[in-house]
Protein chains: 2
Amino acid sequence: MLTLLSRADEMMTSNSESMAQTRETGTLGKLMVLLDLVTHAEAPLRFTDILARAGQPRGTLHRQLSHLVEEGLLELDGDGRYAPGLRLLDFAARSWARNEFRLIAEPHLAELQQATGETVHLGVLRGQSIIYLDKVDGRQPVRMYSQIGNASPCYCTGVGKAALSLLPPDLLADLLAGINFTSFTASTHASGESLLAEIREIADQGYAFDREEHEAGIRCVAAPVWSQDRTFIGGISITGPAYRLSMELLRQWAVPVQLAAGRIMEGMRIRLGPRR
Amino acid sequence: MLTLLSRADEMMTSNSESMAQTRETGTLGKLMVLLDLVTHAEAPLRFTDILARAGQPRGTLHRQLSHLVEEGLLELDGDGRYAPGLRLLDFAARSWARNEFRLIAEPHLAELQQATGETVHLGVLRGQSIIYLDKVDGRQPVRMYSQIGNASPCYCTGVGKAALSLLPPDLLADLLAGINFTSFTASTHASGESLLAEIREIADQGYAFDREEHEAGIRCVAAPVWSQDRTFIGGISITGPAYRLSMELLRQWAVPVQLAAGRIMEGMRIRLGPRR
DNA sequence: TCAATTTGTTCCATTATATGGAACTTAATT
DNA sequence: AATTAAGTTCCATATAATGGAACAAATTGA
């Protein structure tokens, strides 16, 4: 299941990139493909595994991997298997700790969690994925690393659909066209048309639902959040089990979610100036 | 303070690398320098800021940054400032979630936390830094992203000194020679000689203390942990405020910490086979 | 045990990519 | 408006990546 998600997500990402531009990143681009391969794998990969999937000549691949290992982006264990390097953790810890969007949103997420008692998420759109920047659940405001940073599809999450509703029509159309719709549950959108219709509705009303579209038994209500410079286009959501969160209750929570979203954007205006 | 630490750490890292090898990583190496620059900065950097620090010609730097942005490793906001890219989060979330060493250690860390009531850390040596892989504190086993992944100096942390005690003399000497000793408190080791003496002692007794060497008022007791293939050389520790953790108490805890370390290594032998 | 095979590593002439100086455009400052 | 600084683009040159092949090491099978 997790594996399936990762694969699907990987495909989508590469689709969108190959579509969007001529992919002219040269050396770095090739190395990133390898990094993707290794970090998306369920287990450390041997040289031959990577060779089969990367489509590079042996000599070339060997040197590329060596460089990645030298830089600490990959690690080679005693059995000759490649795993993600711990230097990635260091990079991520820094980028997370200092992310302005997250810092500003933090107190408002906590407040929303207090008010509802359910789990609150903050995510932003990157390509066709939602990357979760923060999560507040249970008793105290606490971060579970395993969830933060994870990329999820935009077309079947509340935060994702809320984010899409902020895009101008042309960008939205391009993005939708590149999506490879995977049906996670019976209610997952299976085509751009049905998704587009809902996104228009979301744009009108200002909030979005996830009606068990990504995971059976899980619902959420989300509201869009954006920075004025469009660096961050995302959303916040309240998520929980369907047995506890009736659609009626979610409709009631649409207002507080939108209010919290508004306060986050207000906070950004104050902290970052009117431009952003 | 944080900035100082980051800088020092950065310097140390590049020292060790230039010492260890001829730094032959070509294109990737140059790009990583830029990534380091941006992720270590306290705030997003403008082009000119990076230009001043990177020592690259304008045209070159511009293209390098563009490539990093295209790959999602950096992000360029509306004000022309470069910040770490969110793709780093995705990479890190994956490498963390699947890290075998951490997965195996997890229950033993929780157990140690239960037994002592204090915060428990797991860290591994990478270059001259300790990278924290996990942390268990307070009531339930919970991850605070802001601490996990952070790199700390090896010469003034319990986990760091425990890890160093596992190195063969020649490697240890090389590593110590490259350290730029920064005095965080009055008790921080200020030279390789004094540190080496303590490390020998630690190697004999099998556990290490941090006597408020990294942060005033914070003590810890640590024990070394390693995988047999030497992929992971690190340690686990119990950390807490000096007023609560007398040196006497820490000495008592040396035994349970060592036992937990032993169980972790036992777990690795079982899960990963005798080789590692 | 030795051959056969698979897997991993090194080498080097060729090719592709990055480089960096300068010209150019745009924005900020006086 | 003039001046300076900041950011972007261009292209001949220098550098680094490529990939085929030869080599070495580890595994498998007879």
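## A hairpin in chain A

In this predicted model, S7(A) and S8(A) form a hairpin with six residues between them. Glu212(A), in the turn, has a positive phi of about 55°. The two elements are strand S7 (residues 208–211) and strand S8 (residues 218–226) of chain A; they run antiparallel and are joined by four bridges. Arg211(A) has Arg219(A) in S8(A) as its bridge partner. Strands here are DSSP runs (E, at least two residues), helices are DSSP runs (H or I, at least four residues), and both are numbered from the N terminus. Two strands pair if DSSP finds at least two bridges between them.

This is a predicted model in which local features need pLDDT of at least 70 and side-chain atom pairs count only at pLDDT 80 or more, while totals for chains, interfaces and linings use all residues. Residues are numbered from 1 along each chain as its sequence is written, chains are lettered from A and ligands numbered from 1 in the order in which they are written, and side-chain values use heavy atoms, with hydrogens and water left out.

## Sheets in chain B

Chain B has an open sheet of six strands in the order S6-S5-S4-S9-S8-S7, with antiparallel pairing. Its edge strands are S6 (151–153) and S7 (208–211) of chain B, each of which pairs on one side only. On average, neighbouring strands of this sheet are turned by 35° against each other, direction ignored. For such angles, axes are lines fitted to C-alpha atoms (for helices over the stretch in contact), and angles run from 0 to 180 degrees between N-to-C directions. Within the sheet, strand S4 (residues 119–126) and strand S5 (residues 129–136) of chain B pair in the antiparallel sense over seven bridges. Leu125(B) has Ile130(B) in S5(B) as its bridge partner.

Another open sheet in chain B has three strands in the order S1-S3-S2, also with antiparallel pairing. Strand S1 (45–46) and strand S2 (74–76) of chain B stand at its edges with a single partner strand each, so one side of each is left without a neighbour in the sheet. S2(B) pairs with strand S3 (residues 81–84) of chain B in the antiparallel sense over three bridges. In S3(B), Tyr82(B) is the bridge partner of Leu76(B).

## Surface near DNA strand C

DNA strand C is surrounded by 17 residues, and the closest are Thr48(A), Arg58(A), His62(A), Thr60(B) and Arg63(B). A residue is near a strand if one of its heavy atoms lies within 4 Å of it. Of the atoms of DNA strand C that come within 4 Å of the protein, 61% belong to sugar and phosphate.

The largest share, five residues, comes from H4(B). By class, the surface has two nonpolar, 11 polar and four charged residues. Ala, Val, Leu, Ile, Met, Phe, Trp, Tyr, Cys and Pro count as nonpolar, Asp, Glu, Lys and Arg as charged, and the others, Gly among them, as polar.

## Surface near DNA strand D

DNA strand D is surrounded by 16 residues, the closest being Thr60(A), Arg63(A), Thr48(B), Arg58(B) and His62(B). Sugar and phosphate account for 64% of its atoms within 4 Å of the protein. A side-chain N or O atom of Thr60(A) is 3.1 Å from a base nitrogen, and one of Arg63(A) is 2.9 Å from a phosphate oxygen. A polar side-chain atom of Thr27(B) lies 3.3 Å from a sugar or linking oxygen. H4(A) gives the largest share of this surface, five residues. The residues divide into two nonpolar, 10 polar and four charged.

Note on methods
Polar contact = N/O pair within 3.5 Å; in protein donor to acceptor, adjacent residues only side chain to side chain.
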